Amino acid sequence: MTLEGIPKDDYFRTFVQARHIYSMVAAGKAGWTGPWRMLVDETMRVLLVRARRADGFFVHRLDRDAEILDRRADLYDQAFVLFALGTAGGALAEPLFFDEAEALLDTIEAKWAHQRGGFSEGEIVDPSVRRQNPHMHLLEAFSALHEASGRKRFADAAFGIADLCRTRFIDPASGALLEYFDEDWTAAPGEQGRIAEPGHCFEWAWLFERLASWGGANAVAASDALTGFGRRWGIDRERGVTINEVLTDGVVINGKARLWPQTERLKVAVVRYHRTGSEEDLGEVADAWLGLRVYFLPGMPSLWRDKMNEDGSFIEELAPGSSLYHISCAIGELCSLRDI
């Protein structure tokens, strides 16, 4: 949307539609009395009918009439369709959506399972570099599906991705989450193999805290390592925000700060506070919320800016709809503190 609130509808990315399904459910849980159930059901069914290819994968983009605009398939997009199916299935008590998720997982495993673990990423990104990021969102999706359906297959898939992270993605020396890898999940050569995004450290830590509540082995230790690295090297205390990229030794290579890492810092602080009750985690809840609030537009807090420069100014651009998922998830976690 423009910063004046005017929608821009040139195209609709499949993963954003899936994220909006989550956001509507989150709004309903928070007490919104609007037609969130109708919106969730309608959007989910549009995706299933209009965005799915004959081979079972979901396409990358639709146009304003829900006609296919970019029919390529990408692992990141499939992860969010799985996430939406789990979220919608639980919220609407619709087991058909869990069945659809199993069918999509069948397709992913049959076509993209990688012999060295995890999955190939499909038809959009450079296949010579493997990334943790879509696997993180697969873990999020499998967790949502298991919690909503109780199906063991989804729990097993979640634990499989978590083990891949613990054994391959986390740098044992620094506790950082690495971003880029070779074919065999060894770190990519040179500086690329030492890049860590603090926001992803926090996001994985939040997911490990979730697994810990299921009794996942070593989940708390993984969360502690990732959170510790993110807090030590990834927060600009002067601006009060989580920055984009550092190296494993803490050297800053991208000091700009997008909106979404602020939400991940907040989410993990809240769930850790539920577990630890510590003053450190409670202080992080407050500081992360203050860091997130500066992204909301003055006078129009229902819209946001996305990219902060190193001097604290913001890049002038459209407000990306993809951020609503991050915001609604963070606020949902924050609202859980009302029960304490």
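Helices (H or I, at least four residues) and strands (E, at least two) are DSSP runs, numbered from the N terminus.

Hi everyone! What you see above is a predicted model, where local features need pLDDT of at least 70, side-chain atom pairs count only at pLDDT 80 or more, and totals for chains, interfaces and linings use all residues. Residues are numbered from 1 along each chain as its sequence is written, and side-chain values use heavy atoms, with hydrogens and water left out.

So, helix α6. It runs over residues 152-169, which is 18 residues. From first C-alpha to last, α6 reaches 25 Å, close to the 26 Å expected at 1.5 Å a residue; that expected span is 1.5 Å times one less than the number of residues. Which residues of α6 are buried? They are F154, A155, A157, A158, I161, A162, L164, C165 and F169. Here, buried means under 20% relative accessible area, exposed over 50%, and partly exposed in between (1.4 Å probe, protein chains only). The cover over these buried residues includes α4 (95-112), α5 (133-149), β5 (180-181) and α7 (198-212).

Next, the cores. A nonpolar core is a set of buried Ala, Val, Leu, Ile, Met, Phe, Trp, Tyr and Cys residues joined through side-chain atoms within 4.5 Å. The largest one has 78 residues, and M44, L82, F142, W204 and F208 touch the most other members. Helix α3 (residues 75-92) gives the most to this core, with 10 residues. Let's zoom in on F142: leaving out residues up to four places away in sequence, F142 touches L82, L105, F154, A157, A158 and I161. There is also a second, separate core of 22 residues, with V270, A288, F296 and L297 among them.

F296 brings us to the strands. Two strands pair if DSSP finds at least two bridges between them. Strands β12 (residues 296-297) and β13 (residues 300-304) pair in the antiparallel sense over 2 bridges, and the partner of F296 in β13 is W304. Together β12 and β13 form a hairpin with 2 residues between them, and G299 in the turn has a positive phi of about 85°.

W304 also meets S323, a residue of helix α11 (residues 323-335). Is S323 buried or exposed? S323 counts as buried because its relative accessibility is 2%. Apart from neighbours within four places in sequence, S323 is in contact with L259, W304 and D306.

Helix α11 matters for our next stop too, the second largest pocket. On a 1 Å grid over the protein atoms alone, a pocket is an open set of points where a 1.4 Å probe fits, with protein on both sides within 12 Å along at least five of seven lines; lining residues have an atom within 4 Å of a point. About 1,000 Å³ of space lies in this pocket, a volume being the space filled by probe spheres set on the points, which are joined across faces, edges and corners. Of its 39 lining residues, Y22, A26, S328, C329 and G332 are the closest to the centre. The most lining residues, 8, come from α11.

Last, two residues with a positive phi. W185, in the loop between β5 and β6, has phi near 70° and is not a glycine. W185 counts as buried, at 2% relative accessibility. N218, in the loop between α7 and α8 (219-233), has a positive phi of about 65°, but N218 is partly exposed, with a relative accessible area of 48%.

Definitions and conventions
Contact = heavy atoms within 4.5 Å.
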